[in-house]
Amino acid sequence: MATTTVAKTNPSTMATEQRVQPNQSLYIQNLPEKLQKPDLKRSLYMLFSTFGPVLDVTTVKSSKMRGQAHVLFRDIHAATQAMRACQGMEFFGREMVRSN
């Protein structure tokens with residue numbers, strides 16, 4: 001299984017690299033907070049199902065989890081394609097950010 005290298009900036013050092021194992025789940029941030037939960041889940045499902053079978057979309061409307069979601073794919077290949085295609089994509093007027 002291949003690994004993806006993600007550059008992370010750390011205030012105490014200039015930059016470090018972290019090896020991330022591909023997996024079936026994507027963690028998305030900077031999503032619009034004003035959308036109702038069912039509308040956000042449906043929109044995310046419709047967007048990400050174009051890359052492969054989506055098993056679940058989890059959004060929580062608590063103060064700590066606002067603007068965040070987890071998307072679970074059936075296979076790693078679909079999750080990897082979605083991750084590459086959607087990094088920085090505009091979603092309802094906001095730039096979507098994928099995190100690991």
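Threonine 58 sits opposite histidine 70 in β5, and this pair is a handy way into the predicted model described here. Strands here are DSSP runs of E with at least two residues, helices are runs of H or I with at least four, and both are numbered from the N terminus. As for ground rules, residues are numbered from 1 along each chain as its sequence is written, and side-chain values use heavy atoms, with hydrogens and water left out. Because the model is predicted, local features need pLDDT of at least 70 and side-chain atom pairs count only at pLDDT 80 or more, while totals for chains, interfaces and linings use all residues.

Back to β5. This strand pairs with β4 in the antiparallel sense over five bridges, where pairing takes at least two DSSP bridges between two strands. β3 also runs antiparallel to β5, and four bridges join them; serine 25, for instance, has leucine 72 as its bridge partner in β5. In a regular strand, side chains alternate between the two faces of the sheet. β5 has a covered face made of Ala69, Val71 and Phe73, and an uncovered one with His70 and Leu72.

Zooming out, the protein chain has two helices and eight strands, in the order β-β-β-α-β-β-α-β-β-β from the N terminus on. Among contacts with a separation of 6 or more, 55% link residues 24 or more positions apart, a contact being heavy atoms within 4.5 Å.

The loop between β4 (54-59) and β5 (69-73) holds glutamine 68. Glutamine 68 is buried, at 14% relative accessible area. Not counting residues up to four places away in sequence, glutamine 68 touches Tyr27, Ile28, Gln29, Leu31, Thr58, Thr59 and Val60. Arginine 66 belongs to the loop between β4 and β5 as well, but is partly exposed at 43%. With neighbours within four places set aside, arginine 66 is in contact with Glu33 and Val60. Arginine 66 and proline 32 lie 34 residues apart in sequence, yet 8.5 Å apart in space, C-alpha to C-alpha.

Rolling a probe the size of a water molecule over the atoms shows where empty space is left. The structure holds one cavity of 30 Å³ or more, and the largest cavity has a volume of about 50 Å³. A cavity is a set of points, on a 1 Å grid over the protein atoms alone, where a 1.4 Å probe fits but cannot get out; lining residues have an atom within 4 Å of a point. Grid points are joined across faces, edges and corners, and the volume is the space filled by probe spheres set on them. Pro32, Glu33, Arg66 and Gln68 are among the lining residues of the largest cavity, as are Leu40 and Met65. The lining divides into four nonpolar, three polar and three charged residues.

Asparagine 30, in the loop between β3 (25-29) and α1 (37-48), has phi near 65°, a positive value in a residue other than glycine. Phenylalanine 92, in the loop between β6 (90-91) and β7 (94-95), has a positive phi of about 55°. Asparagine 30 is partly exposed at 30%, whereas phenylalanine 92 counts as exposed at 52%.

Key. On a 1 Å grid over the protein atoms alone, a cavity is a set of points where a 1.4 Å probe fits but cannot get out, and a pocket is an open set with protein on both sides within 12 Å along at least five of seven lines; lining residues have an atom within 4 Å of a point. Ala, Val, Leu, Ile, Met, Phe, Trp, Tyr, Cys and Pro count as nonpolar, Asp, Glu, Lys and Arg as charged, and the others, Gly among them, as polar. Buried means under 20% relative accessible area, exposed over 50%, partly exposed in between (1.4 Å probe, protein chains only).
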